[in-house]
Amino acid sequence: LKNKPRFIDSRLRVSELFVTKHLSDLVGERIFYRNLDPNSGSVEKGGSALDRLFSFLLRKKKPAGGPILRAVAIDPGHGGQDPGSIGINGTREKDVTLAVAKHLQRLIDMQLGIPIYLSRDDDYGLTTEERLKPATHPDVDALILLHAQSAADYKPQGIYIYVRRTETLPGQTVKTDDKDSLKLAKSLSSALRDAGLNVHAVSEAPLFPLGQGDLPTVLIEMGYLTNQADKMMLSEEEGQKKLAKALYSGLESFGKGLTRENAGGNRQ
């Protein structure tokens with residue numbers, strides 16, 4: 001196909017030509033369809049059908065009364081040749097971060113119906129640019145970086161949540177507007193505690209993945225893979241779902257607290 005099907009906003013998008021011509025040939029049946037959004041035909045003419053589709057999606061306006069939280073980007077840490085931390089019985093950080101991310105993705109999709117952009121959806125490595133790409137979508141109002149950690153012994157336990165730190169450099173101070181990041185972190189922390197999970201106080205950290213923009217961004221160390229209780233929660237589906245449900249609750253609460261002006265602002 002000249003215009004390949006593409007996943008956009010967690011939905012498979014195909015050109016009209018594929019529906020009217022190729023699909024019928026593939027299934028050996030006649031195809032009937034209705035255009036449920038006839039106004040979309042007014043997008044500029046010229047360019048491929050896929051180009052017009054992208055143009056239309058980018059120009060979509062947020063409907064009145066729609067959710068304040070328009071989209072969420074999630075980065076499941078590590079992947080591919082980078083397993084991340086290794087815990088009890090060889091439990092790998094890259095596996096648990098992806099599992100929790102997918103559970104969280106399903107909850108957001110089912111409950112809020114907004115786009116969720118994952119940096120990876122399988123076990124493969126990413127460049128820094130690829131890892132941060134989901135956050136570049138103009139509708140993203142929150143970026144969640146999921147990680148897990150390990151320790152030299154089995155005692156350290158619990159969830160740590162980090163936001164950016166204002167860095168002081170010679171002759172200048174790098175300012176980061178972290179009011180919304182802190183709101184997001186506190187909302188997630190509160191929801192995790194309400195779920196009965198062990199959560200430490202929100203901390204600032206000069207971590208590179210958090211960047212220097214004003215997009216509300218939180219890095220979550222979901223537990224210690226070297227602690228038996230944390231490892232069980234992170235490696236078993238029931239625990240992963242519990243964690244994802246709490247994170248969803250925190251995100252939902254954060255979204256309700258956003259002003260429309262803040263949600264629609266330009267972020268870097």
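Author: L188 is a residue of helix α5; helices here are DSSP runs of H or I with at least four residues, strands are runs of E with at least two, and both are numbered from the N terminus. The model is a predicted one, in which local features need pLDDT of at least 70 and side-chain atom pairs count only at pLDDT 80 or more, while totals for chains, interfaces and linings use all residues. Residues are numbered from 1 along each chain as its sequence is written, and side-chain values use heavy atoms, with hydrogens and water left out.

L188 has a relative accessibility of 0% and therefore counts as buried (buried means under 20% relative accessible area, exposed over 50%, and partly exposed in between, with a 1.4 Å probe and protein chains only). Apart from residues up to four places away in sequence, L188 touches I144, I161, V218, I220, L247, G250 and L251, where contact means heavy atoms within 4.5 Å.

When neighbours within four places in sequence are set aside, S187 is in contact with G250, S253 and F254.

Helix α5 (residues 179-194) packs against helix α7 (residues 237-257) at an angle of about 135°, and their axes are 8 Å apart. Axes are lines fitted to C-alpha atoms, for helices over the stretch in contact, and angles run from 0 to 180 degrees between N-to-C directions. The helices α5 and α7 are therefore oblique to each other (angles under 35 degrees count as roughly parallel, over 145 as roughly antiparallel, 65 to 115 as roughly perpendicular and the rest as oblique). The crossing of α5 and α7 is right-handed; a crossing has this hand if the near helix is turned clockwise from the far one by less than a right angle, and is left-handed if anticlockwise.

On the α5 side, the contact is made by D180, K183, L184, S187, L188, A191 and L192, which meet L243, A246, L247, S249, G250, L251, S253 and F254 in α7. The residues of the contact of α5 with α7 comprise 9 nonpolar, 4 polar and 2 charged. In this division Ala, Val, Leu, Ile, Met, Phe, Trp, Tyr, Cys and Pro count as nonpolar, Asp, Glu, Lys and Arg as charged, and the others, Gly among them, as polar.

D180 and K183 also pair with one another. Their side chains meet in a salt bridge, at 3.9 Å from N to O (a salt bridge is a side-chain nitrogen of Lys or Arg within 4 Å of a carboxyl oxygen of Asp or Glu). Both residues lie in helix α5, 3 residues apart, about one turn of the helix. With a relative accessibility of 12%, D180 counts as buried. The structure holds 6 salt bridges.

Helix α7 has a further partner in α3, since α3 and α7 pack at an angle of about 50° with their axes 8 Å apart and are therefore oblique to each other. The crossing of α3 and α7 is right-handed. Residues that make this contact include L104 and L107 of α3 and L243, L247 and L251 of α7.
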